[in-house]
Amino acid sequence: MEMNDKLTIDEAGSSALEDIAKESTVDTPSGQIVSFVQERFNRASDARQGEETRWLQAYRNYRGIYGPDVQFTEAEKSRVFIKVTKTKVLAAYGQITEVLFGNNRFPISINPTTLPEGVAETVFLETNPQTSAMAQGAAQGAPQAPQAELPKLLPGETLTDLKERLGGLKKTLEPVADKIKEGSGSGPTEVAFHPALVSAKKMEKQIHDQLEESNSKKHLRASAFECALFGTGVMKGPFAVDKEYPNWDEDGTYTPTIKTLPQTSHVSIWNFYPDPDAVTVEDCEYMVERHKMSRSQLRALKRRPYFRSNAIDLAITQGEDYILELWESHMDDHNDNPRTERFEVL
């Protein structure tokens, strides 16, 4: 390929391909995606084998199980395992969750920046009619008092633009929009409002509602536990998913409401395969997540954006293909069968 034909990942055209017909199963432009993802997955899996050994040791210490490297002679009758690791892990997990959920909600808050963009930081209006009339008269006779002449506007901004920058207070202050001035005010009868703060808190309320919809607190607790046990906890999101809300009309007809909502979830470190050449998450060129899905879960992907129904139906027709990893075999105490009735999805 010519150098001038190459596209970087930052260019607009590099992240999209013309989609094929839904009924087609041959996709020439994106035909290498499967092998590309599989190659990256295998590379990351090989690179983290040393970490998997450490994680397995931590898991056995937490469960109180001796590993295959510990051998006992015939004279050694006792195999008591003192669970020091479990005590320490649960204590650390309790302290982490106490800090995270001290106020009994997801630990996230939204505050305006020092210099908000697109919304006014503070506006005020005069509540005393007499003071307002005096200010207008003084403005006509004494132009040296610019504070009382016009609302403080940005360069090239009109009064209408200022109203747009009232954010969450736009409807509340609409009846007195012509009297609003930008700034904090200085008189005893001037009332100040903070549109940037109100907008931030409304955003925070919306985000917390969406986090409650996706059971984010449960997922965060799971990530905190793995953080205490293995040293790393992973959460992913938000990703857009369609959620169905049950609804029946007056005639008893089921007419559900479908809403697209952001969803966050916990990812076990066992199923998380990052770029082995990266030092931080921001440096990763790719991250692969390994899923173990049933037929119902695989069909549910049809409701997600950018999943092709015919490809999912074809995968289900071909049958389950999940093969246990080595670490799964060591962690499963009762299953000696390397195959399960599940699908592996990367």
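## A loop serine and the basis of the model

Ser294 sits in the loop that links strand 8 (291-293) to helix 8 (295-300), where helices (H or I, at least four residues) and strands (E, at least two) are DSSP runs numbered from the N terminus. With a relative accessibility of 16%, Ser294 counts as buried, a term that stands for under 20% relative accessible area, with exposed meaning over 50% and partly exposed in between (1.4 Å probe, protein chains only). When its neighbours within four places in sequence are left aside, Ser294 is in contact with Arg342 and Phe343, contact being heavy atoms within 4.5 Å.

The model is a predicted one, in which local features need pLDDT of at least 70 and side-chain atom pairs count only at pLDDT 80 or more, while totals for chains, interfaces and linings use all residues. Residues are numbered from 1 along each chain as its sequence is written, and side-chain values use heavy atoms, with hydrogens and water left out.

## Overall make-up

The protein contains 10 helices and 9 strands, and 26% of its 346 residues count as buried. Among the contacts with a separation of 6 or more, 64% are between residues 24 or more positions apart. The protein exposes about 23,800 Å², of which carbon and sulfur atoms supply 54%; accessible areas come from the Shrake-Rupley method with a 1.4 Å probe, and for residues only the protein chains shown count as cover.

## Helix 3 against helix 7

Two packed helices are described by the angle between their axes and the distance between the axes. For helix 3 (residues 84-100) and helix 7 (residues 216-230), the axes come within 9 Å and cross at roughly 140°, which makes helix 3 oblique to helix 7. The axes are lines fitted to C-alpha atoms, for helices over the stretch in contact, and angles run from 0 to 180 degrees between N-to-C directions; angles under 35 degrees count as roughly parallel, over 145 as roughly antiparallel, 65 to 115 as roughly perpendicular and the rest as oblique.

Helix 3 passes helix 7 in a right-handed crossing, the hand being right if the near helix is turned clockwise from the far one by less than a right angle, and left if anticlockwise. On the helix 3 side, Val89, Leu90, Ala92, Tyr93, Ile96, Thr97 and Leu100 meet Leu220, Arg221, Ala224, Phe225, Ala228 and Leu229 of helix 7. By class, this contact of helix 3 with helix 7 has 11 nonpolar, 1 polar and 1 charged residues, where Ala, Val, Leu, Ile, Met, Phe, Trp, Tyr, Cys and Pro count as nonpolar, Asp, Glu, Lys and Arg as charged, and the others, Gly among them, as polar.

## Helix 2 and its two partners

Helix 2 (residues 49-63) packs with helix 3 at an angle of about 100°, their axes being 6 Å apart, and the two helices are therefore roughly perpendicular to each other. Ala58, Asn61 and Tyr62 of helix 2 meet Thr85, Lys86, Val89 and Leu90 of helix 3, a contact whose residues divide into 4 nonpolar, 2 polar and 1 charged.

The axes of helix 2 and helix 7 come within 9 Å and cross at roughly 100°, so this pair is also roughly perpendicular. Here Arg54, Trp55, Ala58, Tyr59 and Tyr62 of helix 2 make the contact with Phe225, Leu229 and Phe230 of helix 7, and the classes are 7 nonpolar, no polar and 1 charged.

## Backbone details

A cis peptide bond, with omega of about 0°, joins Gly237 and Pro238, and Pro238 lies in strand 4 (residues 234-245). Asn104, although not a glycine, has a positive phi of about 60°; Asn104 belongs to the loop between helix 3 and strand 1 (123-126) and counts as exposed at 59% relative accessibility. Asn215, also not a glycine, has a positive phi of about 55°, lies in the loop between helix 6 (195-213) and helix 7, and is partly exposed with a relative accessible area of 44%.

Thr257 is found in strand 5 (residues 257-267) and counts as partly exposed at 34% relative accessibility. Thr257 and Glu244 are 13 residues apart in sequence and 5.8 Å apart in space, C-alpha to C-alpha; leaving aside neighbours within four places in sequence, Thr257 is in contact with Lys243, Glu244, Tyr245 and Asn247.

Glu325 lies in the loop between helix 9 (309-318) and helix 10 (326-331), and, not counting residues up to four places away in sequence, touches Phe41, Tyr273, Arg290 and Glu344.
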